[in-house]
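Hello,

Here is the structure I promised to pass on. My notes follow below it.

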Amino acid sequence: MKKILLLASSAALLFTGALETTALATNASSESHSGFVKPQFDPSNPYSNFWWGFPLAGSQHTITSDYGNRPGEFHKGIDLRAKFINVYAAQNGTILGAGNWGSNGGLYIILQTDNTDPDSGKKIIARYLHLSEQNVKSGRVTKDQIIGVSGNSGGVDPHLHFDVNNAGKYTGLTQADMIDPKIFYPYPRITFTYLNGLFSAENVGTYEVDENDEELFFDNALIDFVGRDKFENWKKTIEEDEVKVSNFKEYFEISNEKERELKLNYYGI
């Protein structure tokens with residue numbers, strides 16, 4: 001089903017003329033985030049009726065690196081032009097995770113939406129990467145609620161990486177788990193343009209570290225337990241390739257059982 005929808009989504013973009021390479025996104029932070037056009041019912045797209053809100057304000061957005069194959073990897077989401085502006089919850093749901101991602105400290109938020117995927121039967125998960133601020137770190141959120149601010153954390157140029165999966169988790173994901181985020185926003189609700197074709201000079205050479213490796217997701221529940229200053233000092237004392245969750249837990253003597261307890265108390269799920 002998802003592969004068929006991906007082709008349909010790409011065709012829709014082509015026929016709406018959304019591949020103009022010089023168009024700019026209208027996602028200024030002063031724009032209202034309300035008043036989106038409701039998606040037209042499309043029986044071939046089960047996701048269109050979820051009526052997701054877009055993670056950025058406005059209805060026209062520039063993709064600097066698209067979902068799908070790109071040099072050296074399969075890009076599991078879309079990179080959106082977004083320079084230190086508000087980021088919004090795409091749907092009602094619960095924060096499943098938030099913290100620092102990778103050795104360079106990229107900030108992330110993981111949203112477990114209330115939507116159940118029609119294919120997998122699991123909750124649909126949305127991931128927000130490279131944030132500069134995390135306005136919400138745990139608990140329930142509502143669609144269109146501000147949850148953070150886009151940025152350049154993780155050593156990249158400013159943008160928002162946004163991806164969606166139906167595996168009910170946020171690490172260890174395969175290509176088959178991923179859903180093209182554009183499918184949730186059928187034209188004319190949201191229109192997309194591309195900067196310099198499929199790959200932007202803004203992002204070339206600054207691709208993410210492995211966004212599937214659970215060793216790179218340093219959860220706030222663990223960081224806050226030991227103290228952020230101690231966490232940052234620990235990172236400075238070891239080699240970059242040794243900045244891993246397992247080493248962090250060993251150093252601060254956090255067992256797997258303790259980790260589960262901390263996350264349960266932090267997120268309530």
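E259 is buried, with a relative accessible area of 14%. Buried means under 20% relative accessible area, exposed means over 50%, and partly exposed is in between, with a 1.4 Å probe and protein chains only. K263 counts as partly exposed, at 24% relative accessibility. The side chains of these two, E259 and K263, form a salt bridge, 3.1 Å from N to O. A salt bridge here is a side-chain nitrogen of Lys or Arg within 4 Å of a carboxyl oxygen of Asp or Glu. Both residues sit in helix α5 (residues 256-267), four residues apart, about one turn of the helix. Helices (H or I, at least four residues) and strands (E, at least two) are DSSP runs, numbered from the N terminus.

Please keep in mind that this is a predicted model: local features need pLDDT of at least 70, side-chain atom pairs count only at pLDDT 80 or more, and totals for chains, interfaces and linings use all residues. Residues are numbered from 1 along each chain as its sequence is written, and side-chain values use heavy atoms, with hydrogens and water left out.

More on salt bridges. The count comes to 11. One of them joins the side chains of D66 and K182, at 2.9 Å from N to O. D66 lies in the loop between β1 (60-65) and β2 (68-70), and K182 in the loop between β12 (178-179) and β13 (191-194), so the pair ties together parts that are 116 residues apart in sequence. Both D66 and K182 are buried.

D224 and R228 form another salt bridge, with the closest N and O atoms 3.8 Å apart. D224 is partly exposed, at a relative accessible area of 40%. R228 is partly exposed too, at 30%.

Now the overall picture. The protein has five helices and 14 strands. Of its 269 residues, 52% are buried. Take the contacts (heavy atoms within 4.5 Å) between residues at least 6 apart in sequence: 70% of them join residues at least 24 apart. The protein exposes about 11900 Å², and carbon and sulfur atoms supply 51% of that. Accessible areas come from the Shrake-Rupley method with a 1.4 Å probe; for residues, only the protein chains shown count as cover.

Where does negative charge gather on the surface? E239, E240, D241 and E242 form the patch. Patches are made of residues with over 30% relative accessible area and no salt bridge; like charges are joined within 9 Å, nonpolar side chains (Val, Leu, Ile, Met, Phe, Trp, Tyr) within 5 Å. Lys and Arg count as positive, Asp and Glu as negative; His and the chain ends are not counted. The place of a charge is NZ of Lys, CZ of Arg, CG of Asp or CD of Glu. E240 is exposed, with a relative accessible area of 53%.

Two backbone points to look at. F84 has a phi near 55 degrees, a positive value in a residue other than glycine. F84 is in the loop between β4 (77-80) and β5 (86-88). F84 is partly exposed, with a relative accessible area of 43%. D144 is not a glycine either, yet has a positive phi of about 75 degrees. D144 lies in the loop between β9 (140-141) and β10 (146-150). Its relative accessible area is 26%, so D144 is partly exposed.

F84 comes up again through N152. Leaving aside neighbours within four places in sequence, N152 is in contact with F84, H130, D157 and P158. N152 is found in the loop between β10 and β11. N152 counts as partly exposed, at 35% relative accessibility. From N152 to L107 the C-alpha atoms are 9.0 Å apart in space, and the residues are 45 apart in sequence.

Is D177 buried or exposed? D177 counts as buried, at 16% relative accessibility. D177 has its place in the loop between β11 (160-165) and β12. The C-alpha atoms of D177 and V164 are separated by 8.6 Å, and the two residues are 13 apart along the chain.

Best wishes
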